[in-house]
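Let's take a walk through a protein model together. Have a look at the structure first, and then we'll go through a few of its features.

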Amino acid sequence: MHDLPIYLDNNATTCVDSRVLEVMLPFFTKNYGNAASKSHACGWTAEQAVEIARQQVSALIGCEANEIVFTSGATESINLALKGVYEMYSSKGNHFITVCTEHKAVLDTCAHLEKMGAEITYLPVNKEGIIDLNELKKEIKKSTILISVMYANNETGVIQNIKEIGKIAKEKDILFFSDATQAVGKIPVNVIDDHIDLISFSAHKIYGPKGVGALYVRRKSPRVRLVAQMDGGGHERGLRSGTLNVPGIVGLGKASEICNENLSKEAEKITSLRDHFEQQLSKQNIKINGDDTLRIPNSSNISFNKSPGEQLLSLLSRKLAVSSGSACTSATLEPSYVLRAMGISENEAKSSIRFSLGRFNTRDEIDFAVDYVSECLKKVSESSNIPY
Ligand SMILES: *Cc1c(COP(=O)(O)O)cnc(C)c1O
């Protein structure tokens, strides 16, 4: 038997890989130096470890080591990118273009900037979750200083046409930021090929520890400048002050290295598990949300037509760790704004569940999950007389 619940919520967070934990541990105890202590060996050891991690992280996205800024996670990286650009380039313009299906970390930061005087355009998506590049072009104006489009969506796994968006931004001399928290480590991401100027991502989504992440900041053609959002000792080239989280950074480095070494193999394995899962479930009355081909390997967002979502989720949760993809406020389910933006009806959105697979899921677990979902669906339909 398996440990229960079976964890199928890897887009929310992942288990720290034992190989990652192993390289982190000495930096809590034996090697506890401050990476900014330049006068003794304890500091040098920490600094060296941070620089190795910087290389491991940069290799994963095809940039230079000195283009990586370590932060406390993707949320902080996003805040630094958006607020940092807004403040630095205010003389050039105040207009951002982003997408209505972005993560809350982007949307809430944009809302904050709107209060500060920014003008933000929120692009719609089609029913596959993809933006229209012609609409993007149409929204560009003289005052546009940043385009912010997430690489892959956390609820549906849908991948945007990042390279094409990068080309458009480059042509128009507009900075391009991508929240790549769900793409990095799962599919090839290369800042040069994709023409990206700023990228955010996080360790805990790629089998590293929570509370550490990175922001890529392009240094040439163009050299991106940001106003720091954290003032202090001038760490991280003045972009993010504060004593470095050395164990966390070492963990992010190792997690990046492992992802980089096994990227295509792991993607293949997880895709095949995910496809098996969807194929088995397709015997039920389901609809898979989001573009079928432009999707990261691990994500499956499924509408269980005519099943009341709250009841289904509470049954499923007894044995599966899955997510509704919607914000739970008190006892009522808010339908996901991501699914709503894709034109999915409120009831259908409420009956949608996100299954996100990961490195440690086995075929046995997936087969168990399929059987259990089917069992729950049967129970729900038997007990329900709600006319959905
Ligand atoms: C998880 C996630 C974030 C936030 O990351 P934290 O490191 O937890 O702050 C941002 N964007 C996306 C797409 C995510 O999946």
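## Two cis prolines

Let's start with Pro222, which sits in the loop between β8 (213-217) and α7. Keep in mind that we're looking at a predicted model. The bond joining Ser221 and Pro222 is a cis peptide bond, and its omega is about -5°.

## A positive phi

Now hop over to the loop between β6 (175-179) and β7 (198-202), where you'll find His195. His195 isn't a glycine, yet it has a positive phi of about 55°. For background, most residues other than glycine have a negative phi.

## How α7 meets α11

Next up, helices. When two of them pack, we describe the pair by the angle between their axes and the distance between those axes. Helix α7 covers residues 246-281 and helix α11 covers residues 363-383; their axes come within 10 Å and cross at roughly 25°. Angles under 35 degrees count as roughly parallel, so α7 and α11 are roughly parallel to each other. The crossing in which α7 passes α11 is right-handed.

Who does the touching? On the α7 side it's Leu273, His276, Phe277, Gln280 and Leu281, while α11 brings Arg363, Ile366, Asp367, Ala369, Val370, Val373 and Ser374. Sorted by class, this contact of α7 with α11 has seven nonpolar, three polar and two charged residues.

## How α8 meets α11

Helix α8 (residues 309-316) also has an axis that comes within 10 Å of the α11 axis, and the two cross at roughly 140°. That angle makes α8 oblique to α11. As α8 passes α11, the crossing is right-handed.

From α8, the contact uses Gln311, Leu312, Leu315 and Leu316; from α11, it uses Tyr372, Val373, Cys376, Leu377, Lys379, Val380 and Ser383. In the contact of α8 with α11 there are eight nonpolar residues, two polar ones and one charged one.

## Around the ligand

Finally, which of the 13 residues around the ligand come nearest? They are Thr75, Asp179, Gln182, Ser202 and Lys205.

Let's zoom in on some atoms. A polar side-chain atom of Thr75 is 2.6 Å from an oxygen atom of the ligand, and a polar side-chain atom of Asp179 is 2.7 Å from a ligand nitrogen atom.

Key. Residues are numbered from 1 along each chain as its sequence is written. This is a predicted model: local features need pLDDT of at least 70, side-chain atom pairs count only at pLDDT 80 or more; totals for chains, interfaces and linings use all residues. Side-chain values use heavy atoms; hydrogens and water are left out. Axes are lines fitted to C-alpha atoms, for helices over the stretch in contact, and angles run from 0 to 180 degrees between N-to-C directions. Helices (H or I, at least four residues) and strands (E, at least two) are DSSP runs, numbered from the N terminus. Angles under 35 degrees count as roughly parallel, over 145 as roughly antiparallel, 65 to 115 as roughly perpendicular and the rest as oblique. A crossing is left-handed if the near helix is turned anticlockwise from the far one by less than a right angle, and right-handed if clockwise. Contact means heavy atoms within 4.5 Å. Ala, Val, Leu, Ile, Met, Phe, Trp, Tyr, Cys and Pro count as nonpolar, Asp, Glu, Lys and Arg as charged, and the others, Gly among them, as polar. A residue is near a molecule or strand if one of its heavy atoms lies within 4 Å of it. A polar contact is a pair of N or O atoms within 3.5 Å; within protein, one must be able to donate a hydrogen and the other to accept it, and residues adjacent in sequence count only if both atoms are side-chain atoms.
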